[in-house]
Amino acid sequence: MKKKIEDIQKVEEPIFAYGVQSYTPMVAMMGSQYANPSDFDLLQLARKGISKKSLLALAKQISLTIEEVATVLHISERTLQRYTPTTLVKTEHADRAIELALLYERGIEVLGNEKAFSTWIKSPNVALGGEVPFNLLDTRIGFTMVLNILGRIEYGVFS
């Protein structure tokens, strides 16, 4: 049986006070109702679509501009601006938004906090040939490369 986020916030609140999180808050922000969403839950969320309001909340949470989010999602900034707050972003864009949220959660987990990860992802990286990790997020291969570097950092491999 899956736990809903509201249940965890009520029952396991002291866990949050000690800095341990048992759910993915950025994905939850986009509409997932489950504390530990499975891949199937994320698939359903992507298929349903994510509202512009949720997408902008994610962008604000991870300190990205609407232009940066639009680049990652492969959608024009102007199109994104025209959407009403309740407009659902199409599946292919919602999928990339979920992937972005999961990447940021992973980065925060590995580097310890949002500020450290935000600085790291926007700084040139030797292990990526001097590329800025954020600039690679326009492709799925780029996402994989950034995740691989985070894995190397986590295990103490030069990155």
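I take axes as lines fitted to C-alpha atoms, for helices over the stretch in contact, with angles running from 0 to 180 degrees between N-to-C directions. Helices are DSSP runs (H or I, at least four residues), numbered from the N terminus.

I note that this is a predicted model, in which local features need pLDDT of at least 70 and side-chain atom pairs count only at pLDDT 80 or more, while totals for chains, interfaces and linings use all residues. Residues are numbered from 1 along each chain as its sequence is written, and side-chain values use heavy atoms, without hydrogens and water.

Entry on the helix pair. I looked up α4 (residues 39-48) against α8 (residues 91-111) and found an angle of about 135 degrees, with the axes 7 Å apart. The two helices are therefore oblique to each other, the class left over once angles under 35 degrees are called roughly parallel, over 145 roughly antiparallel and 65 to 115 roughly perpendicular. For the contact (heavy atoms within 4.5 Å) I list Leu42, Leu45, Ala46 and Arg47 from α4, which meet Thr91, Ala94, Asp95, Ile98 and Leu102 from α8. By class, I read six nonpolar, one polar and two charged residues there, where Ala, Val, Leu, Ile, Met, Phe, Trp, Tyr, Cys and Pro count as nonpolar, Asp, Glu, Lys and Arg as charged, and the others, Gly among them, as polar.

Entry on positive phi. Serine 63, in the loop between α5 (52-61) and α6 (66-73), has phi near 55 degrees, a positive value in a residue other than glycine. Histidine 74, in the loop between α6 and α7 (77-82), is not a glycine either and has a positive phi of about 60 degrees.
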